[in-house]
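Could you walk me through this structure, one selection at a time? I have it open in my viewer and have never looked at it before.

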Amino acid sequence: MQSRMLLAGIAGLLFAPIFANATEPPEFHRDVLPVLRKYCVGCHNPQEAEGGLVLQDYARTVQGGSEGPGIVAGKSRESLLWKRLTATDETRMPPKDHPAPAPEEVAAIREWIDAGAKAPAAPFTRPDLVTPRITPRGKVNEAITSVAFSPDGNTIALAGAQRIEIITGENVIPLRGHTGSVNEVRFSADGKWLCVAAGEVGLLGEATLWNTADWTRSALFQGHQDTLYSAQLSPDARTLATAGYDRNLIVWDVATGRSLKTFQGHNDAIYSASFSPNGKLIATASGDRTVKLWDVTSGSRLDTFSQPSKEQTSVAFRPDGKHVASGGADARIRIWQISDTGQEGTNPVLFARFAHEGPILAVVYSPDGRLLASTSEDLRIKIWETNKYTQVAVLERQPDWASALAFAPDNRRLLVGRMNGDHQIYPIDPALADSHTEMTPLVETTRPAEIAFSQSLSPVTEIEPNNTPQAAQTLSVPCLVQGELNSANRATSDGDYYRIEARHGDQFVFETIAARNGSYADTKLEIQYPNGKPVLRALLQAVRDSWINFRPIDSSSPDVRLEFWEEMDLNQLVYMNGEVCKTFRAPQGPDSGYVLYSVDGKRRGYFDTSAAAHAKDEPAYIVEAYPPDSNIVENGLPVFPVYYANDDDAERKLGKDSRILFTAPATGAYFIKVTDVRGLSGPDFSYQLKVRQPNPDFTVTVNTMNPKVPAGSGQRLKFTLSRLDHFDGPVRLDLAGLPKGFDASSPTMIEAGLYEAFSVLTASQSAPEPTQADLDRITILATAEINGRLVTKTIGGLGEVKLDKPGPVRVSLVPDDPRSTTEEGGLVIEPGTTITAKIIVERNGHEDDVRFDIDNLPHGIIVDNIGLSGVLVRKQETERQIFLTARPWVPETERLIHAVTQGVGNQGSPPVTLRVKKKSPPDAKAVAAQ
């Protein structure tokens with residue numbers, strides 16, 4: 001009934017006058033477009049364009065769609081738009097189940113058409129939006145939203161919400177007439193054009209090109225449904241890229257004004273867009289917490305960088321096109337290395353710097369690409385060199401947010417626009433790009449002593465009172481002290497002090513033996529100066545903040561869920577409330593965490609820090625260690641001091657007892673303080689204190705003695721290394737004297753810093769049963785270099801090696817791609833790349849799933865893309881392709897690797913050689929010839 005009444009009302013208005021005062025005919029922007037936007041643009045917009053019809057602006061409304069022109073000027077009855085609005089059948093628009101225009105709204109459209117359907121005389125405005133007029137009490141400064149330098153450096157452009165000012169010397173030229181707020185200005189590479197991004201929120205995005213020769217308005221580009229935040233001409237000025245709040249990136253042909261492609265894929269507003277120097281790629285930063293890379297020619301999305309945790313507001317290509325920088329609400333600057341193709345998976349994140357203490361507003365490169373400037377809500381502007389992206393300068397604190405930045409073409413000036421409406425040009429010294437002297441990270445190791453100490457421990461008995469620094473008992477090194485934490489005053493806990501003399505660089509090991517002897521004491525060791533101050537061991541500079549998520553961890557677990565783990569790398573130090581650990585393996589799938597270095601299943605501490613339990617959401621930091629006297633450059637994250645102190649042995653070998661490796665920072669006296677960590681004492685709190693010179697060494701254990709090797713197959717051999725006194729080097733294991741028909745992957749390497757490695761012992765199908773004489777000839781040698789001397793140890797044999805019947809499966813690991821296959825049939829991989837190989841299973845009665853590990857991969861190479869099921873050959877299948885991915889820093893090496901089943905007899909494949917080889921640089925003569 002209501003629809004019929006509406007149609008009747010419309011019919012009655014066909015020839016009725018619309019205005020009581022008909023002196024002013026309807027106008028498109030004021031009277032027609034609001035009706036179209038309210039009822040029609042939901043389906044007839046540039047993205048959906050049902051029937052090829054777009055009703056977002058005057059030109060396309062008149063143009064119509066696939067059924068012909070939308071408007072016949074002066075003839076409403078012949079205009080398709082009017083026919084659809086007044087139809088009584090299924091062609092009526094909007095459809096019957098949608099809200100329809102009121103009779104007076106429809107009548108306004110008819111009157112406009114019959115009056116000649118005249119084009120609007122001025123750009124779109126919002127007369128329908130009525131806001132209260134508030135008279136300010138003081139002077140109002142319009143915020144600067146964007147700034148730009150002309151390519152010759154003689155002109156600057158300042159953009160505010162409602163204005164643009166062009167300043168050349170003393171001359172100021174205003175540019176007016178933009179729709180809505182102006183959000184960005186950029187000069188073209190040749191300086192002939194100024195590109196302006198503007199728009200009305202919720203209605204229209206508009207880009208304008210101004211001719212810089214006479215500052216006349218040249219071209220207008222409208223196609224977005226919301227305000228524009230970014231507009232940039234390509235380096236050759238033939239295409240224009242626009243992006244804004246409607247989530248779309250549109251590329252336009254400048255010559256014709258036609259849109260060439262609309263790029264869709266962001267789930268929130270696009271705040272910034274940047275062309276690559278060759279004009280082939282565009283990078284966009286969005287409120288959806290991603291940066292995306294687009295191919296201009298094909299219109300396809302090449303890659304999505306999803307590492308950011310909050311909105312990204314600024315993105316920039318480095319002038320050489322090799323890097324993309326972004327910044328946003330998470331206060332970090334991220335740098336991605338961009339490949340020639342930009343294809344997904346070829347653009348790794350290089351750096352993720354915690355840059356500011358507030359959201360980043362803008363990042364911009366200098367024209368020579370050697371510096372990057374960033375500005376933030378923390379009122380700071382920072383300058384970064386672009387080799388390692390290290391902070392090299394901080395400008396004075398700003399009086400208001402510095403919302404916009406632009407380098408001058410000479411790389412010596414930085415133009416700053418602020419929210420308070422003022423601007424300033426700062427001098428920038430290009431030499432800053434070379435001013436950063438990279439600090440050498442602190443690596444703790446033992447070294448030969450300048451003075452040789454006897455290793456015979458002289459017995460010493462504690463002499464009370466020694467519970468104050470003034471009463472410290474003097475020791476001669478080396479020695480073994482017999483002491484007791486037993487205060488005469490039971491109201492106070494006992495603390496024993498011992499004094500030693502040391503020369504600069506002398507190294508000592510201090511170790512307690514208490515709990516291991518049944519004592520109630522839970523000892524803590526601290527090293528102090530004679531004035532009672534603790535001796536500083538290192539400064540840990542946080543370079544990335546994180547926190548423990550998903551669940552808490554106890555004092556042993558090596559598996560921890562860390563926020564932002566995608567931006568972390570292997571072998572980085574992690575600081576968790578006083579404990580320092582190191583990352584060993586990145587999460588392998590959605591239900592795993594970062595694995596930290598561990599010893600016997602318990603995570604290892606570094607700098608002799610003691611393990612502790614950590615709560616969910618507790619802060620954690622990736623840190624870099626530097627010597628105590630280092631000049632740390634402020635980066636907005638904390639710097640943690642680490643002192644010579646230990647509660648429980650960091651290497652997890654002494655239980656509750658304590659151990660410290662001490663390096664004397666200067667010649668003089670030092671105090672060793674022994675206490676109970678709980679503050680307890682008594683006659684049952686005895687301890688021994690060892691004071692000795694470090695003796696770096698190692699032992700190797702064979703964990704798989706007496707192996708049974710199936711004929712025609714292999715068995716995994718596991719070796720565990722125990723490192724003593726901070727020996728951290730590689731150890732080579734050689735298996736020799738194997739029985740006839742048996743073979744092993746040898747040599748086997750335990751890499752520097754690691755604690756275990758695997759070999760595989762294989763038997764041919766015709767191998768005879770080994771005799772005792774055969775077994776006696778098996779020898780395992782372990783070789784390492786310790787402080788410049790070669791040390792070789794005989795580990796022993798494998799015990800009783802038996803030949804077993806053929807196993808339920810037989811496994812092979814083979815190359816499957818000629819490009820990654822060596823002439824000898826092995827595998828070759830380049831650092832920073834991924835190759836494939838194949839696992840082949842010959843089934844001998846086992847028809848179920850088979851899961852695999854790949855042993856002996858060099859540290860930094862993983863089996864990638866394994867999903868939740870791991871490396872799995874499903875039942876009734878006989879092969880599985882695997883992907884091996886190498887981190888960019890993996891050194892050149894050669895390793896014997898093998899596949900081994902999880903269960904099913906732990907069958908191992910014959911070894912295959914994996915060679916890590918860097919790509920050879922191109923031949924200079926060949927390049928010159930090309």
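Start by selecting helix α2, residues 28–39. In this predicted model, α2 is mostly covered, with 9 of its 12 residues buried. Colour the buried ones to see them: Phe28, His29, Asp31, Val32, Leu33, Val35, Leu36, Arg37 and Tyr39. Now show what lies over them; the cover includes α3 (58–63), α4 (80–86) and α5 (103–114).

While you are here, try the distance tool on the end C-alpha atoms of α2. They are 15 Å apart, which agrees with the 16 Å that 12 residues should span at 1.5 Å a residue. Then zoom in on the start of α2, where a side-chain oxygen of Glu27 comes to within 2.7 Å of the backbone nitrogen of Arg30.

Next, follow the chain to the loop between α4 and α5, where you will find Pro94. Look at the bond joining Met93 to Pro94: this peptide bond is cis, with omega about -5°. Most peptide bonds are trans. For another cis bond, go to Val477 and Pro478, where omega is near 0°. Pro478 sits in the loop between β29 (473–474) and β30 (479–484).

Two asparagines make the next stop. Select Asn411, in the loop between β25 (402–407) and β26 (413–418). Its phi is near 65°, a positive value. Asn411 counts as buried because its relative accessibility is 12%, and the cut-off for buried is under 20%. Then jump to Asn856, in the loop between β60 (850–855) and β61 (861–864). Asn856 has a positive phi near 70°, and at 10% relative accessibility it counts as buried too. Most residues other than glycine have a negative phi.

Now select Thr512, in strand β32 (residues 507–513). Is Thr512 buried or exposed? Its relative accessible area is 0%, so Thr512 is buried. Its side chain reaches the backbone nitrogen of Ser658 at 2.9 Å. Leaving aside neighbours within four places in sequence, show the residues in contact with Thr512: Thr523, Leu525, Asp657, Ser658, Gln688 and Leu689.

Finally, zoom out to the whole chain. It has 7 helices and 66 strands, and its C-alpha trace spans about 115 × 75 × 70 Å along the principal axes. Of its 930 residues, 50% count as buried. Among contacts between residues at least 6 apart in sequence, 60% join residues at least 24 apart. If you colour by charge, there are 95 positive and 115 negative charges to find, and their mean positions are 2 Å apart.

Notes
Residues numbered from 1 in each chain as written. Predicted model: local features only at pLDDT ≥ 70, side-chain atom pairs only at ≥ 80, totals over all residues. Heavy atoms only, no water. Helix = DSSP H or I, 4+ residues; strand = E, 2+ residues; numbered from the N terminus. Buried < 20%, exposed > 50% of the residue type's maximum accessible area, 1.4 Å probe, protein only. Contact = heavy atoms within 4.5 Å. Lys, Arg positive; Asp, Glu negative; His and termini not counted. Charge placed at Lys NZ, Arg CZ, Asp CG, Glu CD. Polar contact = N/O pair within 3.5 Å; in protein donor to acceptor, adjacent residues only side chain to side chain. Expected span 1.5 Å × (residues − 1).
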